[in-house]
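Subject: Structure handover

Hello,

I am passing a structure on to you, with notes on what was found in it. Please look at the sequence and the model before reading on.

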Amino acid sequence: MVRRFARWVLVVALWALGCARGIVLEDPEGGAPMDGGDAPDVGMDGPEGTSGCARDEDCQASLAGPLCDLALGRCVACIPSQDRCPPGQFCDPAGRTCLSGCTSDADCGAKGSVTRCDPSTHRCVGCTTDDHCAPGTLCRGGQCLPGCTDAHGCGVGRTCCAGGCVDTSASVMHCGGCGMLCAETAACCRGACARIMVDSAHCGGCGVACAAPNATASCVEGRCAVGACDAGYADCDRAAANGCEAELATDPLHCGMCGVACPSGTRATARCALGVCGVECAAGYGDCNREPGDGCEAALPTDVAHCGACGRRCAAPDHATASCEMGLCGFRCEAGYGDCDGDGANGCEASLAEDARHCGGCGMACRLPNATAACRAARCERVSCDAGFGDCDGVASNGCETPTVKDPMNCGACGVRCGAGTACSAGACASVCAAGTTFCAGRCVTTASDPEHCGRCGARCAAGANATARCAAGACSLQCGVGFGDCNGAAGDGCEVDLRAAVAHCGACGGACARAHATPACVAGSCRVGRCDPDYADCDGSDATGCEASTAGDARNCGGCGRVCALASAAARCAGGVCAVASCLAGSANCNGRDADGCEVDTQRDNFNCGGCGSLCPPGTACSAGSCASVCAPGTTFCAGSCVDTRSDARNCGACGRLCAAGQSCVAGACVSPGPANDRCAAARVLSLSSAGFDVVASTVGAAHDLNAPCGGSAQGGADVFFQFTIPSSGPELVYADTFGSGYDTVLYFASSCGAARTGSTTPGDAVCNDDAGTVGCFSAGLQSQVVALLNPGTHYLVLGGYSSQTGSATIHFQHLPVGNGAVGLLPSGSATVSGTTSGAGRVSGSCGGGLAPENTFWWRSCPETRGGTFSATTCTRATWDTVLYLLNGNGAGNVCNDDACALQSTITSTLPGGAGLHALYVDGFFTATGTYTVATVRP
């Protein structure tokens with residue numbers, strides 16, 4: 001039986017190898033081809049390789065192959081007309097064997113440059129027909145090479161001319177169409193020949209349009225030139241690039257005509273108004289003497305004769321001289337006087353040399369501890385000491401520092417000392433020791449308890465080993481040290497036993513240690529296991545139980561602690577410290593006789609031990625529940641010699657032989673195309689924030705569901721795609737997105753990471769997740785979405801999904817704007833006023849100023865139904881400092897900025913287009929100016 005079992009194993013293993021390679025095996029005992037058992041050799045190969053078969057059933061046990069070739073009358077591995085070779089092989093017509101090579105494009109895979117099968121050579125190539133090549137290339141020798149024909153043309157934007165692809169919008173040989181040649185000095189610009197030497201729209205090259213500011217531009221010999229200047233302007237530098245750059249009405253270098261420069265004096269700047277020269281003083285200076293020859297001679301911030309303005313003279317009060325600082329009048333006190341009451345009307349009223357309230361300086365009151373003081377020559381001096389105090393150190397600054405009523409060195413008066421054993425009390429020396437104490441060796445002691453003076457002065461108690469002396473009721477005794485004991489009761493040797501380590505006295509005198517199956521030890525005053533007896537171990541870690549585990553027979557600690565006997569599919573036992581099989585679990589068997597791998601065979605599924613050791617399943621069957629049954633499991637289908645799942649097999653998708661196209665996969669028995677490239681968050685499409693607004697075309701068709709949307713109810717189950725963007729470290733930004741105009745029910749939301757959608761508000765009025773924009777105020781948006789959030793520097797995600805199971809294409813309108821370093825709030829619609837205060841350092845700036853000064857931000861979002869109109873904002877008469885106002889829009893239209901419209905205040909006006917988007921008004925300051933403001937606004 002064992003010999004027959006070994007032959008079965010050899011037959012089954014080599015039959016599969018022979019089927020693939022056409023090998024014929026001989027019986028190792030008799031030389032004849034091997035069969036599957038004791039049945040007669042019907043249909044088996046003979047010595048010459050023929051079988052005399054009449055049908056495929058005759059070849060099922062043949063090592064030559066499972067098919068009958070009726071033309072040859074023998075069993076073969078394959079027949080060309082019935083090619084059943086495995087994928088990646090083809091049937092050789094001559095040898096009737098499966099050789100490596102392709103039979104269809106599916107054998108060549110869907111990646112790389114060789115994806116097509118050449119049926120004549122069975123090799124994978126790049127193409128076999130022109131249709132396999134991209135536009136602008138033709139199939140030549142199995143490769144796609146540049147070229148075109150009328151039947152296989154070029155890609156978008158190119159035309160096939162004379163067998164080659166050309167761009168007829170730029171080719172001088174085929175300008176606007178094949179064969180249309182431009183003149184020698186012309187170029188082809190957008191499909192039309194252009195005279196680039198004289199054409200101002202294409203001067204010197206295509207698209208090079210001449211533009212001359214304040215003038216009419218022209219093209220001369222391929223170079224841009226200035227034609228005629230606009231009224232009031234002149235080309236004074238003769239440079240074509242900046243046109244007529246000089247405005248003669250205001251240019252101080254060309255005032256009224258080219259070359260007429262306006263002169264300037266000291267601290268003065270020349271200016272030109274209406275073509276006439278004039279002078280403007282530098283900030284902080286004035287021409288107070290009305291003499292232009294010396295320029296602006298008066299320094300208004302510091303000149304006491306012209307303080308802040310010409311003719312404004314500063315006056316000086318009593319005991320002071322006049323001063324001018326930052327354009328404001330003041331005064332400086334004379335030496336020895338001070339303006340201590342802060343009242344400028346009475347000048348410097350305080351004499352710092354004599355006034356005891358301001359002795360040497362304002363607020364420096366003349367007070368000395370425990371003494372009466374006076375101010376003389378700007379210094380505090382002692383006049384007399386308070387009762388019970390004396391100036392014993394002679395230092396005036398600390399007053400009468402010594403309390404003579406209790407100081408033993410100065411008792412009653414300076415220099416009077418108390419003797420030993422006495423102290424100073426109420427200015428007189430008295431005994432220091434209380435009742436019940438005795439003065440010994442310079443101190444008061446209690447002789448009833450003092451071990452240095454036990455019972456009498458000088459009677460010292462002696463201490464023994466590991467002990468300290470004690471005195472009680474005037475008699476000496478011992479106090480053992482921590483961890484020691486006087487176990488023999490003899491005071492002469494002190495506390496002789498170390499209770500922390502003595503096994504006979506562990507923790508206390510007489511506390512002897514004993515532990516099961518172990519030699520005990522005393523550690524830190526506690527009984528422990530010192531050493532376990534042979535074949536025992538302390539596995540539970542408890543000293544109280546000793547060495548409780550028998551490592552020779554305990555299956556939980558076999559051969560050592562924690563070595564649990566657990567054998568595969570078996571009940572285990574421990575014998576002599578080694579794990580062994582006690583019994584096999586139902587459906588398992590120990591067929592190799594080794595205990596180490598337990599009952600290693602699953603007799604319910606093992607084809608070689610089906611139902612019991614050595615019970616082999618015949619070819620074509622498999623072991624199931626301990627019995628040999630059909631090879632294909634439920635849910636699979638036998639296709640081309642193997643069991644496949646037609647629900648997921650791309651070669652047999654939905655039915656045998658139904659092949660999915662290249663790039664497709666089989667899902668639920670149907671061929672499907674791959675989803676979008678940004679279907680997964682890890683492959684999120686990166687959005688660049690280099691511009692304030694842009695559009696992104698996206699699709700969720702074929703996408704999977706990865707992240708639950710935190711809004712929209714059943715919208716959580718929709719397909720989704722991901723976009724990634726990074727807010728720079730310069731500061732937070734307002735980020736906006738909408739899908740207005742899309743054709744399906746969208747959902748938009750922000751996420752802080754691939755696994756965490758944002759749920760909390762980031763600023764009042766925002767929407768971090770939105771299904772239908774009508775819920776956030778855009779009532780004409782239908783089923784589209786609109787979101788906006790205030791996001792800090794770092795990486796963030798925008799997710800596009802669909803309500804429920806809806807998918808489709810959408811255009812995402814994406815916008816973002818910076819915010820200032822101050823308050824961020826919503827700007828109401830219509831006419832409104834907003835107020836606030838700026839402080840700190842600046843973060844953003846407008847085109848006309850700001851940057852260093854801090855700024856506050858007021859934002860709003862508009863809807864598709866929002867009408868265009870005039871926006872205005874002003875701080876005129878509403879602030880006392882130099883303000884700057886500017887408006888930024890996510891679409892870039894209507895951006896405006898103003899610094900000084902009314903003195904130092906600002907006014908901006910802009911015409912905003914209608915439709916949806918993000919907008920922000922910024923209240924800033926010129927240079928570093930800050931302050932409190934009110935802004936009057938009107939917005940559509």
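To begin inside the chain, F725 is buried, with a relative accessible area of 1%; buried means under 20%, exposed over 50% and partly exposed in between, using a 1.4 Å probe and protein chains only. F814 also counts as buried, at 1% relative accessibility.

Before the rest, some notes on the basis. This is a predicted model, in which local features need pLDDT of at least 70 and side-chain atom pairs count only at pLDDT 80 or more, while totals for chains, interfaces and linings use all residues. Residues are numbered from 1 along each chain as its sequence is written, and side-chain values use heavy atoms, with hydrogens and water left out.

Aromatic pairs

Rings of Phe, Tyr and Trp (its six-membered ring) pair if their centres lie within 6.5 Å; planes under 30 degrees apart count as stacked, over 60 as edge-to-face and the rest as tilted. The count by this rule is 5 aromatic pairs. One of them joins F725 and F814 edge-to-face, with 5.5 Å from centre to centre and 65 degrees between the planes. F725 lies in strand β53 (residues 720-727) and F814 in strand β60 (residues 809-818), 89 residues apart. Strands (E, at least two residues) and helices (H or I, at least four) are DSSP runs numbered from the N terminus. Ring pairs also link F694, F725, F750 and F814 into a cluster.

Y886 and Y922 form a stacked aromatic pair, 5.1 Å centre to centre and with 20 degrees between the planes. Y886 belongs to strand β67 (residues 883-889) and Y922 to strand β70 (residues 917-925), 36 residues apart. Y886 is buried at 1% relative accessible area, and Y922 is buried at 0%.

Sheets

Strands of a sheet pair through backbone hydrogen bonds, either parallel or antiparallel. Here two strands pair if DSSP finds at least two bridges between them.

Strand β54 (residues 733-738) and β58 run antiparallel and are joined by 6 bridges. D738 has Q786 in β58 as its bridge partner.

Another open sheet of 4 strands has the order β62-β71-β66-β69, again with antiparallel pairing. Its edge strands are β62 (830-837) and β69 (907-912). The twist here averages 15 degrees from one strand to the next. β62 pairs with strand β71 (residues 932-939) over 8 bridges in the antiparallel sense, and G836 stands opposite Y933 in β71.

Disulfides

A disulfide is a covalent bond between the sulfur atoms of two cysteines. Taking a disulfide as a pair of cysteine sulfur atoms within 2.5 Å, the count comes to 57.

C262 and C277 form one, with their sulfur atoms 2.0 Å apart. The torsion about their S-S bond is about -80 degrees, so this disulfide is left-handed. C262 is in the loop between β16 (246-247) and β17 (268-273), and C277 is in strand β18 (residues 276-281). C262 is buried at 10% relative accessible area, whereas C277 is partly exposed at 36%.

C610 and C623 form a disulfide with sulfur atoms 2.2 Å apart. With 85 degrees about the S-S bond, the link of C610 and C623 is right-handed. Both C610 and C623 are buried.

C778 and C863 form a disulfide with sulfur atoms 2.0 Å apart. The torsion is about -75 degrees, so the link of C778 and C863 is left-handed. These two cysteines are 85 residues apart in the chain, and both C778 and C863 are buried.

Single residues

S323 sits in strand β21 (residues 320-325) and is buried, with a relative accessible area of 5%. A polar atom of the S323 side chain lies 3.2 Å from the backbone nitrogen of F331.

G153 is in the loop between β8 (143-146) and β9 (159-161) and counts as partly exposed, at 28% relative accessibility. Leaving aside neighbours within four places in sequence, G153 is in contact (heavy atoms within 4.5 Å) with P135, G136 and C148.

Regards

Note on methods
Axes fitted to C-alpha atoms, helices over the stretch in contact; angles between N-to-C directions. Polar contact = N/O pair within 3.5 Å; in protein donor to acceptor, adjacent residues only side chain to side chain.
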